[in-house]
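Thanks for coming. I have one structure to go through today, so let me put it on the screen.

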Amino acid sequence: MNKIRYELLHVDKYTGARRGRIHTKRGIIETPVFMPVGTNATVKGLTGRMIEEVGSEIILANAFHLFLRPGLEVLNHFNGIHNFMNWKKPLLTDSGGFQVFSLKGRKITEEGVTFKSPLDGSTIMISPEKSMEIQQTIGSDIAMAFDECVDTKITDYNYFKESVDRTFRWAKRSYEAHNRDDQALFGIVQGGLYSDLRQRSLEQIISIPFDGYALGGLAVGEPYQESEKVLKEFANKLPQDKPRYIMGIGSPTMMLLSVENGMDMFDCVLPTRMGRHGTALTWKGKLNLKNSKMTFDDKPIEEGCTCYACQNHSRGYIKHLYKRDELLAKTLISIHNLHFNISFVKAMRKAIEEDRFREFKEEFFKTSTYPLKN
Ligand SMILES: [Zn+2]
């Protein structure tokens, strides 16, 4: 068995923040970890070398998008995603659930989810077994069980209850269908914002010996206080000896909240999406590089930053590139933003090791303009 192994190194004395390490056959992932998103087998605008240089130890790819294009035949031909995109470090795939459930006209049955292909309108079914086939063909190091991500507009308790039980049955089927012994498989706890249903889902999902566990159905537009409640109540009920992953988190505020409560892994498109929209993330707050104030600014995006963009270029130059719609502007800001997020998790790790996570958090909000609750 070449699956992953989680090593808990230290728990902060005053919070639930954990410092750990995930051992994989493609290298060690220090935790807490931020995973850049590479939807289509590319982190938008960055070469593999750039992704490594910003310090990424693991990236995420979307099973659903890769299943549609290039498709399993191509991925099979290239012997999996690592070879296809020439990425040698660990990679995690989501199950496709989140994307499928956001499609119009989807139909959920016990078997799985049926939907119209956004490419040609043909009918496609994704079941737990199909999701495992897709992820095993992609060959990610960590695969996710197929779950139901309930539409946030649904507030019907009974629907959530049914969905939690269905997610449990799908989790068991995912576990049964998964047979690649060099790939880890994580289970996903659902239950929305209902405390009793979260508890029910948690007990169900941790009864299956997955290699790690995720909290799903958060970061989907709910108020900060609601995600805080779920994290405070449930993060620490996840097994101590396995990695804990919260999906769709990437702002400093939400990363702090997640880590404080004992989560280890998160992913988000935020740094690269903001980069493409001309906004940089810095230790002081967000910086709009499109602003006319930048025109004659010869400082880097962030003074003291060791990323390629800051080591080589001025705000004035990047603003000029952005205004001319040059590709390089988006690449440079994305490099900086990913470097920022990864430096941020590194700083959290150090604070945990020194039992000063709470001070770190307080200091961060004192010296930056990021919202305390958002
Ligand atoms: Zn930088």
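I will take the metal site, then the nonpolar cores, then one arginine. Keep in mind that this is a predicted model.

Start with the zinc ion. Its protein donors are the SG atoms of Cys305, Cys307 and Cys310, together with ND1 of His336, at 2.1 to 2.3 Å from the ion. The angles among the four donor atoms run from 101 to 118°, and the site is tetrahedral. For reference, the ideal angle for four tetrahedral donors is 109.5 degrees. Along the sequence, the spacing of the donor residues reads C-x1-C-x2-C-x25-H. Cysteine 307 and histidine 336 link distant parts of the chain, 29 residues apart. Cysteine 307 sits in the loop between strand E16 and helix H12, while histidine 336 belongs to helix H14. Both cysteine 307 and histidine 336 are buried.

Next, the cores. The largest nonpolar core counts 92 residues, and Ile126, Phe266 and Met348 have the most contacts inside it. Helix H14 supplies the largest share of this core, with 13 residues. Leaving aside residues up to four places away in sequence, methionine 348 touches several residues, among them Met255, Phe266 and Phe360. There is also a second, separate core of 19 residues, including Val37 and Met265.

Last, arginine 166, in helix H7. Is this residue buried or exposed? Arginine 166 has a relative accessible area of 10%, which is under the 20% cut-off, so it counts as buried. Its side chain makes a polar contact of 2.9 Å with the side chain of glutamate 148. Arginine 166 also touches Ile108, Thr109, Glu110 and Tyr159.

Methods:
Residues numbered from 1 in each chain as written. Predicted model: local features only at pLDDT ≥ 70, side-chain atom pairs only at ≥ 80, totals over all residues. Heavy atoms only, no water. Helix = DSSP H or I, 4+ residues; strand = E, 2+ residues; numbered from the N terminus. Buried < 20%, exposed > 50% of the residue type's maximum accessible area, 1.4 Å probe, protein only. Polar contact = N/O pair within 3.5 Å; in protein donor to acceptor, adjacent residues only side chain to side chain. Contact = heavy atoms within 4.5 Å. Donors = N, O, S within 2.8 Å, 3.2 Å for Na, K, Ca; no water. Tetrahedral: all angles 85-135°; square planar, octahedral: opposite > 155°, others 65-115°. Core = buried A, V, L, I, M, F, W, Y, C linked by side-chain atoms within 4.5 Å.
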